Amino acid sequence: MKYTTLLFDLDGTLLDTLTDLHLAVFHALHAYDMPQRSLDEVRMMVGNGIKKLIDRAVPDGTPPEKTAQVLDVFRDYYSKNSRINTAPYDGIPVTLKLLSEKGYKMAVISNKIDSAVKELNRDFFAEYIPVAIGDREGMRKKPSPDSLFEAMTL
């Protein structure tokens, strides 16, 4: 059986976004005089969306209202600075080109904010990947299959 469609995650799969995420966490925590997190700590915290990242990054016992404020600062900073260090991993563009030439349909599904997923896909992979779906209101995060099912209909 030949596969015809390939679905990719974005952060840590197609794109190295860790440094920009770390800098955004640094900025948000610094704004509230909270202890900083190392790059390796942030690496272990990513993967379930930015709300979960900030929940993990703030000190234990941080009130939910304060965590929400840190998240807002993170969102604002990251929306303006998400592509300073972000780049495709070595070999990804040529791999996507080859897959496209072989006729594979491709999509990106991610727990990153939908607008950022669409923007990053447009900037780096639009030539090969026409569908990019991220986290948004009304859609459950991965591992729920909601974004996968949506991608398969586009």
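Helix 1 passes helix 4 in a right-handed crossing, where right-handed means that the near helix is turned clockwise from the far one by less than a right angle, and left-handed that it is turned anticlockwise. Helices here are DSSP runs of H or I with at least four residues, strands are runs of E with at least two, and both are numbered from the N terminus. The model is a predicted one, in which local features need pLDDT of at least 70 and side-chain atom pairs count only at pLDDT 80 or more, while totals for chains, interfaces and linings use all residues. Residues are numbered from 1 along each chain as its sequence is written, and side-chain values use heavy atoms, with hydrogens and water left out.

To stay with this pair, the axes of helix 1, residues 18–31, and helix 4, residues 64–81, come within 8 Å and cross at roughly 140 degrees; the axes are lines fitted to C-alpha atoms over the stretch in contact, with angles from 0 to 180 degrees between N-to-C directions. That angle makes helix 1 oblique to helix 4, given that under 35 degrees counts as roughly parallel, over 145 as roughly antiparallel, 65 to 115 as roughly perpendicular and the rest as oblique. On the helix 1 side the contact (heavy atoms within 4.5 Å) involves residues including L21, A24, A28 and A31, and on the helix 4 side residues including V70, F74, Y77 and N81.

Let me take one of these residues, L21 of helix 1. Is L21 buried or exposed? At 6% relative accessibility L21 counts as buried, the cut-offs being under 20% relative accessible area for buried, over 50% for exposed and partly exposed in between, with a 1.4 Å probe and protein chains only. Leaving aside neighbours within four places in sequence, L21 is in contact with D11, V46, F74, Y78 and K112. L21 also lies 9.5 Å from N85, C-alpha to C-alpha, although 64 residues separate them in sequence.

In the loop between helix 1 and helix 2, residues 39–45, we find D33, which at 71% relative accessibility counts as exposed. The phi of D33 is near 50 degrees, a positive value in a residue other than glycine.

Finally, helix 5, residues 92–101, has I92, L96 and L99 as its buried residues. Seen down the axis, they fall within an arc of 60 degrees, so they line one face of helix 5, the arc being that of the directions from the helix axis to the C-beta atoms. What covers them includes strand 1 (5–8), strand 3 (87–88) and strand 4 (105–113). Just after helix 5, G103 takes a positive phi of about 95 degrees.
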